[in-house]
Amino acid sequence: MTDSVKAQYEALPYPARDPADEKRRLITGSPSFLPELNHYVFAGRRDFSRPMRVLVAGGGTGDNLIQLAQYLAASGSRHEVVYLDLSAAAREVAEARARMRGLTNTRFVTGSLLDVASLAPGSYDYIDCCGVLHHLPDPAAGLAALKAVLAPGGGMGLMVYGRYGRAGVYPLQDALRQLTPATEAPSERIAVAKALLAELPDGNEFKRNPFVGDHTTGDAGLYDLLLHSQDRAYTVPELHELVNGAGLAISAWIESCRYDPLTYLKDPELRRRASALAPLEQAALAERLSGAMKTHVVYVVAPDRQQVAVAQPAPDLVPWLNGVPPRALADTFAKRGELVVTFHTERFVFAAPPRAPEIAALMDGRRSLSQIAQALGLGWDDFLAAYAPLHRLLTGINKLFLRGI
Ligand SMILES: C[S@@+](CC[C@H](N)C(=O)[O-])C[C@H]1O[C@@H](n2cnc3c(N)ncnc32)[C@H](O)[C@@H]1O
């Protein structure tokens, strides 16, 4: 199976990227956006001027390699970001992107992550594995191989496909296997897939699924979504089981508001019943209600670090808003009394917590929480009571991270 996966990514490196684009933009995102992984793996307190060893396992054409190497290059010179992938063609693109940016903190290795201990030995403070485990014949073996090279106190950022958000993908993959066997050339298979997409009946589940769109991004995306030889998706409990089975624990589900059933429920009795469930059951319920989770992004750590890995409000920590000007956020809260957020076509409306405008206006990425409390004339306990709901809302939509320095 790994041979056909390798052949696919040699023929069609994914995602399709043009190294020249590095001149005009940096792609950032989850997992592995540095302020995010700091918040969810290192409690917001990683000193990035200290050397860090990072592994990007199944690095593809380099999106997460590049964002990690670029951010780390800005904070110190002795970091190492190791890229490992089966596909030499994908590596070529990733290497060209790193060259285009003049990055000197990267190292490239071609091979399977199952062999990471021999191909790229040593221990890693952080491991990125985005969109890869679900393409392994034995994802548990893959995660075990990564865990074996994880440094004590480190963590991983994982992305795997979500089962319900990919509704219709697997029956269509099966249909395409019937019409165009894997022995046919990729170009032939792509032509067959395009012809079939054009003729899908209106009732087809894939056609009615608004959440998956990779097939519209070009041939590499179409092949990855619909013609893959090795691909499975996870529900919340299944991903939990995969992670736990490897002797690891999930410290955070990213965009955590989407994993909270109360985000979707208004009826007081339904809310009461949902709140009575255990945390994992709540997340499982949220996924079943949403129907839109086509991927899951989680951070994972050693079980004894699960409680301490995530940053908690503390006087010395600095709240940092990701891509949201504090003044604009404060104005939105003040004028509308709510915040409207859209994730992959799902629209959520959150009521503004009390004092949200005043607190948000002071979140300039420099003031610590104790300085914000002071500016508002509040003692720490009173401030914390006012800040907690805002913190929960903004971290839940992944717009706020805490950092120590
Ligand atoms: C869907 S792409 C994701 C690439 C990248 N992580 C990203 O998020 O853009 C999957 C990548 O995993 C690589 N891959 C699959 N199985 C692998 C394995 N056993 N060891 C290393 N890389 C693997 C493929 O070659 C491909 O580049």
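**Exercises on a predicted fold**

An open sheet is built from seven strands in the order 3-2-1-4-5-7-6, with mixed pairing. Two strands pair if DSSP finds at least two bridges between them; strands (E, at least two residues) and helices (H or I, at least four) are DSSP runs numbered from the N terminus. This is a predicted model, in which local features need pLDDT of at least 70 and side-chain atom pairs count only at pLDDT 80 or more, while totals for chains, interfaces and linings use all residues. Residues are numbered from 1 along each chain as its sequence is written, and side-chain values use heavy atoms, with hydrogens and water left out.

**Exercise 1.** Follow the chain from strand 2 to strand 3 and state the handedness of the crossover.

Solution. Start with the pairing: strand 2 and strand 3 run parallel and are joined by five bridges.

**Exercise 2.** Determine how strand 5 and strand 7 run, and which helix touches both.

Solution. Strand 5 (residues 150-161) and strand 7 (residues 295-301) run antiparallel, joined by seven bridges. Met159 has Val297 of strand 7 as its bridge partner. Helix 10 (residues 236-245) packs on the sheet and touches strand 5, strand 6 and strand 7; contact means heavy atoms within 4.5 Å. The direction of helix 10 makes about 140 degrees with that of strand 6.

**Exercise 3.** Describe the packing of helix 8 and helix 9.

Solution. Take the geometry of helix 8 (residues 186-199) and helix 9 (residues 219-226): the angle is about 80 degrees and the axes are 10 Å apart. Axes are lines fitted to C-alpha atoms, for helices over the stretch in contact, and angles run from 0 to 180 degrees between N-to-C directions. The angle therefore makes helix 8 roughly perpendicular to helix 9 (65 to 115 degrees). Next, list contact residues: among them are Ile190 and Leu197 of helix 8 and Leu222 and Tyr223 of helix 9.

Terms used: Angles under 35 degrees count as roughly parallel, over 145 as roughly antiparallel, 65 to 115 as roughly perpendicular and the rest as oblique. A crossover is right-handed if, with the strands pointing away from the viewer, the path from the first strand over the helix to the second runs clockwise.
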